[in-house]
Amino acid sequence: MEAETRLFELAKQLYQAAFWEDYWDTDILALQLPGRTDPVFMSILGKTEDNYGFLFYRDLEELRYYFELVKQDQLKDAEATLDWLLIQNGLSLTYENRLDLPTEDYQRIKNSGIPFRGKKAWPLFLDYKPGYYPDPLAENEVPFMIDLLEKFMTMAEEYRTELDLYDTEENKESVFLRTYTEDGQFEDSMFVLPSDVLQGLAAQKYAKEPVKVTDFELRRVDQLRIGSSIWELELNYIAVPREGMDEERPRFSIMLMIIDAKSTEILLGELVEFEEIEKIQRLFIKVLLANDVKPPTVVVNVSRYHRISGILIELLKKLDIELVPVYKLPMISAVQNDMIEFFDEEDAE
C-alpha cells in the first residue's frame with residue numbers, strides 16, 4: 001500500500017507540474033538506469049490536444065513504435081482509437097475524467113489515499129502491447145514506475161529552459177539523456193537515436209512468402225476475365241477480442257477484408273492469423289472464383305503494404321494482379337469505423 005500511495009502521489013505532482021505547457025510530444029527525454037541495456041524514453045502528451053499524460057518506452061525496440069505512431073499520424077492513418085492502441089507499445093500515465101475510469105482503477109486510487117478532483121485530472125496507468133488490449137500497470141512494475149517518475153520529474157523540470165536545443169539541425173535525431181550510476185550520481189549528455197528506430201516499423205522486413213495454393217487452383221483462376229473495378233484489401237487487427245483465449249491479456253482479432261471499390265460490396269470478411277499464409281492466399285483465390293473475375297489492381301494501406309505484400313505479392317504476380325499502396329482505403333475505413341462504433345455501443349451497454 002505504501003508503494004501505491006507513492007505512485008499516485010507522484011502522478012499528482014506530475015499533473016501539477018504541467019510539463020505539457022512547455023514540452024511537445026516530440027521532446028523526448030531519456031534515462032539510462034543501472035543494470036539496463038537501453039535507456040528508458042519518455043514523451044509528454046498534451047501540448048497540442050486535450051489529452052494529458054506521459055508515454056514510457058522501456059527500450060529502443062519499444063521506442064520504435066513511438067516513431068511508427070508519428071509516421072502514421074503524418075500519413076493521417078491513425079484516425080481511429082483502435083489504430084493508436086494497436087501501434088502503442090510501452091507504459092503510459094494519462095489523466096482522465098472520473099467517469100471514464102474503469103471501476104478497478106478508481107478503487108485503486110481511492111485505496112491509495114491520494115485525493116484527485118477535476119476534469120482530466122484522474123491518473124490512469126496502462127501497459128500496452130501491440131495486438132492486445134491494454135492492461136493495468138502490474139504490481140511488479142510499480143517500483144520501476146516510481147523510480148522513473150521521480151527521476152523524470154526532476155529531469156523534465158531542469159530541462160524546461162533548454163528545449164530550444166531541439167530546434168537545431170545537429171540535434172534533430174538526438175534526445176536529452178541522463179545516465180545514473182549505482183550510487184545515485186548522474187551525468188547528462190545527448191543520445192543519438194539509431195536510424196532504424198527513427199524509421200518506426202518500416203525497418204522490420206517481411207519475407208516474401210511463396211505461393212502455397214495448388215497449380216490446379218491457379219489454373220482455374222488464370223482463366224477468369226480481368227474486370228474493371230479495383231479491390232480494397234485490408235489485413236489488420238479489429239476491435240473484437242479473440243474468443244476462447246486462455247491468455248490473461250485478451251488479444252484483438254485479425255481480419256482479412258476485401259471490398260469492391262466500385263460496387264462497395266464486401267467480398268470477404270474473415271478472421272485469420274498473420275501466420276496463416278496458406279489460408280490467406282486460399283481465401284483470396286476463393287473470392288476470385290466466387291466473383292468470376294480478377295481485379296486489375298488491389299490497393300492496400302501504405303502502412304500495411306510490406307506485411308501484406310510479403311504474404312500475397314508472389315501469388316498476385318502469378319495472377320497478373322497489381323498490388324498498390326495507398327494512403328486511404330475509403331470503403332474499408334467506413335466499414336471499420338462502423339464496427340468500432342458498434343462495439344463501443346456494445347461495451348457501453
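## Charged and aromatic contacts

Arginine 58 counts as buried, with a relative accessibility of 13%. Keep in mind that this is a predicted model. The partner of arginine 58 is glutamate 62, and their side chains meet in a salt bridge with N to O at 3.0 Å. Glutamate 62 counts as buried too, at 9% relative accessibility, because the cut-off for buried is under 20%.

Let's look at the other charged pairs. Searching the whole structure turns up 20 salt bridges. One of them joins glutamate 234 to arginine 304, at 2.6 Å from N to O. Here the pair ties together parts that are 70 residues apart in sequence, because glutamate 234 lies in strand E9 (residues 231–241) while arginine 304 lies in the loop between strand E12 (297–301) and helix H9 (305–318). Glutamate 234 and arginine 304 are both buried.

Glutamate 276 and lysine 279 also form a salt bridge, with their closest N and O atoms 4.0 Å apart. Glutamate 276 is partly exposed, with a relative accessible area of 30%, and lysine 279 is partly exposed at 32%. Back at arginine 58, shared partners link salt bridges into one network made of Arg58, Glu62, Asp127 and Glu141.

Now for the rings. The whole structure holds 19 aromatic pairs. Here are two of them:

| Aromatic pair | Centre to centre | Angle between planes | Geometry |
|---|---|---|---|
| Phenylalanine 56 and phenylalanine 152 | 6.0 Å | 45 degrees | tilted |
| Tryptophan 231 and phenylalanine 284 | 6.3 Å | 70 degrees | edge-to-face |

Phenylalanine 56 belongs to strand E3 (residues 53–57) and phenylalanine 152 to helix H5 (residues 142–158), so this pair ties together parts that are 96 residues apart in sequence. Phenylalanine 56 counts as buried at 0% relative accessibility, and phenylalanine 152 does so at 1%. These two phenylalanines also belong to one aromatic cluster, formed by Tyr15, Trp20, Tyr52, Phe54, Phe56, Tyr95 and Phe152.

Tryptophan 231 and phenylalanine 284 are both buried.

Finally, some charges sit over rings. The charged end of arginine 98 is over the ring of tyrosine 106, 3.4 Å from its centre. Lysine 12 has its charged end over the ring of phenylalanine 116, 5.8 Å from the ring's centre.

Definitions and conventions
Residues numbered from 1 in each chain as written. Predicted model: local features only at pLDDT ≥ 70, side-chain atom pairs only at ≥ 80, totals over all residues. Heavy atoms only, no water. Buried < 20%, exposed > 50% of the residue type's maximum accessible area, 1.4 Å probe, protein only. Helix = DSSP H or I, 4+ residues; strand = E, 2+ residues; numbered from the N terminus. Phe/Tyr/Trp six-rings, centres within 6.5 Å; stacked < 30°, edge-to-face > 60°. Lys NZ or Arg CZ within 6 Å of the ring centre and 35° of its normal.
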